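Me: I am new to this structure and would like to go through it step by step. Please show it before we start.

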Amino acid sequence: MAKRLKAAERKASILAVAKLLFADKGFHGVAVDEIAKRLGVSPAVLYQHFPSKEALYEAALTEISEKRESYIEAVLTEPSDFATVLKRMSRIYVESVSRDPDYLRMELMSALEGSQAATRFFDHRWRALTDYIEYSLDELKNEGRLSRINPKMASLMYQGMIREVLYETCVLNDPRFHNMPLHTIVDELVQLFLKAISYE
Amino acid sequence: MTDYNQELDARGLNCPLPILRAKKSISQLASGEVLRIVATDPGSVKDFESFCSQTGHELLDSTEADGTFVFAIKKQ
């Protein structure tokens, strides 16, 4: 018999298992019975905490999409030039996602399913990075240190680059990168990005 | 309302941009002067608390009304 848990602990454990299964199979690929079976409880226990499968899926999406990385230290530590801060922020983001790669799967699932959550993933997880790039490049342009750069396109390029790193290493587990620490890959790609926008 | 020496409009900006701009603005103030910041990112409440605890500046005020967050920070 499953160990009796307090309501909050039970809810958290349901959410953790649901997240794992939804990330693996998507909303339609997972039945409530399967989640209950994995937890060793009856489906009725699940319904005590979440009124429907949709509510459980929404809760799992919310938990993942609304997590925020903290970049306070990245911007307060000196030196705080654009390249150094971008490298620090990228490392923080990539390391945070690599600890919880279900995030990537859920983000992709929500986009494919046309869920509103896809926007939340961008707003809460990506926007810090893309806005930082756009804002900083605009500033550098105004100071005359960069020319002929469209900051919005540059941030899109950067986002695509980082997203691909995460897919290759955390989801696809591509053997081409097995011997490279994640932060090394990120640092090298940030260097390439800086070269591409002619940042010195 | 707390008196202030300079105001920073960080509405529409997401973390870490309000912090970055506050850092820049506060560097132009003299010790004891106050920076007022207006922001819309809900995460800015926690961010400015961390900002002050890490930099030693004093968070004099932190209020919210209709989705707008107002902070008053006294330079160390």
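Me: Leaving aside neighbours within four places in sequence, which residues is I37(B) in contact with?
Reply: This is a predicted model. Neighbours of I37(B) within four places in sequence are set aside. The residues in contact with I37(B) are then L8(B), A10(B), P18(B), A22(B), F71(B) and I73(B).

Me: How do α6(A) and α8(A) run relative to each other, roughly parallel or roughly antiparallel?
Reply: Helix α6 of chain A covers residues 82–99, and its axis is 11 Å from that of α8(A). The two pack at an angle of about 175°. Angles over 145 degrees count as roughly antiparallel. Therefore α6(A) is, relative to α8(A), roughly antiparallel.

Me: How many nonpolar residues does the contact of α6(A) with α8(A) have?
Reply: From α6(A) come F82(A), L86(A), M89(A) and Y93(A). From α8(A) come L129(A), Y132(A), I133(A), S136(A) and L140(A). By class, one residue is polar and no residue is charged. The number of nonpolar residues is eight.

Me: How many charged residues has the side of chain A that touches chain B?
Reply: Eleven residues of chain A are in contact with 14 residues of chain B. On the chain A side, α8(A) gives the most, with five residues. By class, that side has eight nonpolar and no polar residues, and its charged residues number three.

Note on methods
Residues numbered from 1 in each chain as written. Chains lettered and ligands numbered in written order. Predicted model: local features only at pLDDT ≥ 70, side-chain atom pairs only at ≥ 80, totals over all residues. Contact = placed C-beta atoms within 7 Å. Axes fitted to C-alpha atoms, helices over the stretch in contact; angles between N-to-C directions. Helix = DSSP H or I, 4+ residues; strand = E, 2+ residues; numbered from the N terminus. Parallel < 35°, antiparallel > 145°, perpendicular 65-115°, else oblique. Nonpolar A, V, L, I, M, F, W, Y, C, P; charged D, E, K, R; others polar.
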